[in-house]
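This report describes selected local features of one protein chain. The sequence and the structure come first, and the text follows.

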Amino acid sequence: MESKKRIKEICLSLLARRDHSLLELIRKLKAKGFELSLINEVLAQLLAENYLNEQRYAESFTRQRILKGYGPKRIEYELNQAGIDDFDMDSVLDETAGTWMDVLAKVYEKKFSQETVISPNEWAKRSRFLQQRGFTGSMVSALFKTLNIRFE
């Protein structure tokens with residue numbers, strides 16, 4: 001009984017700082033040496049009381065990552081790592097930044113100069129950076145076409 005109380009205290013302390021996914025909490029509590037059956041009981045109670053809400057976590061996480069300039073592939077991967085498999089980012093995107101192309105354009109403008117003629121190496125460097133941020137190759141190509149960026 002004492003372990004359940006301690007697990008709940010730890011969970012509430014973590015959740016007071018930020019939303020967590022179910023999987024994140026399980027990993028953290030297992031690392032502290034708690035039994036999985038006790039962890040599951042406490043987490044089920046927290047879910048029922050709405051202290052723990054995976055939809056809220058996914059929305060908050062997605063909003064935060066969009067505002068930091070990450071693309072859909074990277075956010076989807078990070079959500080999967082946190083145990084969130086089926087989440088539609090489009091509603092959060094609409095209220096946060098408009099479209100993925102808007103996010104991509106902001107990231108590009110913040111990071112790179114506005115010159116329209118660049119070397120093939122520079123094009124590759126810029127393209128790689130944007131793809132590492134989670135934007136697809138077709139999105140990057142569309143941005144370069146929109147901004148009229150071409151090789152020297």
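The model is predicted, and its local features are taken where pLDDT is at least 70.

Helix H9 covers residues 137-146, and Met139, Val140, Leu143 and Phe144 are buried in it. These buried residues fall within an arc of 135° when seen down the axis of H9, so they line one face of the helix. The face turned away from the buried side of H9 carries Ser138, Lys145 and Thr146, which are exposed. What do the buried residues of H9 pack against? Their partners are helix H5 (72-81), H7 and helix H8 (120-132).

## Aromatic pairs

A pair of aromatic rings is described by the distance of the centres and the angle of the planes. The count of aromatic pairs in this model comes to five. Two of them are set out in the table.

| Pair | Centre to centre | Angle between planes | Arrangement |
|---|---|---|---|
| Tyrosine 57 and phenylalanine 61 | 5.9 Å | 25° | stacked |
| Tryptophan 123 and phenylalanine 144 | 5.7 Å | 65° | edge-to-face |

Planes under 30 degrees apart count as stacked and those over 60 as edge-to-face, so the angle of 25° makes tyrosine 57 and phenylalanine 61 a stacked pair.

Tyrosine 57 and phenylalanine 61 both lie in helix H4, where they are four residues apart, about one turn of the helix. Tyrosine 57 has a relative accessible area of 3% and is buried. Phenylalanine 61 is also buried, with a relative accessible area of 15%.

Tryptophan 123 and phenylalanine 144 form the edge-to-face pair of the table. Tryptophan 123 lies in helix H8 and phenylalanine 144 in helix H9, so this pair ties together parts that are 21 residues apart in sequence. Is tryptophan 123 buried or partly exposed? Tryptophan 123 has a relative accessible area of 27%, which makes it partly exposed. Phenylalanine 144, at 3% relative accessibility, counts as buried. Both residues also belong to one aromatic cluster, formed by Tyr108, Phe112, Trp123, Phe129 and Phe144.

## Arginine 65 in helix H4

Helix H4 spans residues 54-67 and contains arginine 65. Arginine 65 counts as buried because its relative accessibility is 13%, and the cut-off for buried is under 20%. Leaving out residues up to four places away in sequence, arginine 65 touches Tyr70, Arg74, Ile75 and Glu78.

## The largest pocket

The largest pocket holds about 200 Å³ of space. Its lining has 13 residues, and Leu67, Lys68, Gly69, Lys106 and Val107 lie nearest the centre of the pocket. Which element gives the largest share of the lining? That share, five residues, comes from H7. Sorted by class, the lining of the largest pocket has six nonpolar, five charged and two polar residues.

## Aspartate 90 and tryptophan 100

Aspartate 90 lies in helix H6, which covers residues 90-96. With a relative accessible area of 40%, aspartate 90 is partly exposed. Aspartate 90 and tryptophan 100 are ten residues apart in sequence, and their C-alpha to C-alpha distance in space is 9.2 Å.

Conventions. Residues numbered from 1 in each chain as written. Predicted model: local features only at pLDDT ≥ 70, side-chain atom pairs only at ≥ 80, totals over all residues. Heavy atoms only, no water. Helix = DSSP H or I, 4+ residues; strand = E, 2+ residues; numbered from the N terminus. Buried < 20%, exposed > 50% of the residue type's maximum accessible area, 1.4 Å probe, protein only. Contact = heavy atoms within 4.5 Å. 1 Å grid on protein atoms, 1.4 Å probe; cavity = no way out; pocket = protein on both sides within 12 Å on 5 of 7 lines; lining within 4 Å. Points joined across faces, edges and corners; volume = space filled by probe spheres on them. Nonpolar A, V, L, I, M, F, W, Y, C, P; charged D, E, K, R; others polar. Arc of directions from axis to C-beta. Phe/Tyr/Trp six-rings, centres within 6.5 Å; stacked < 30°, edge-to-face > 60°.
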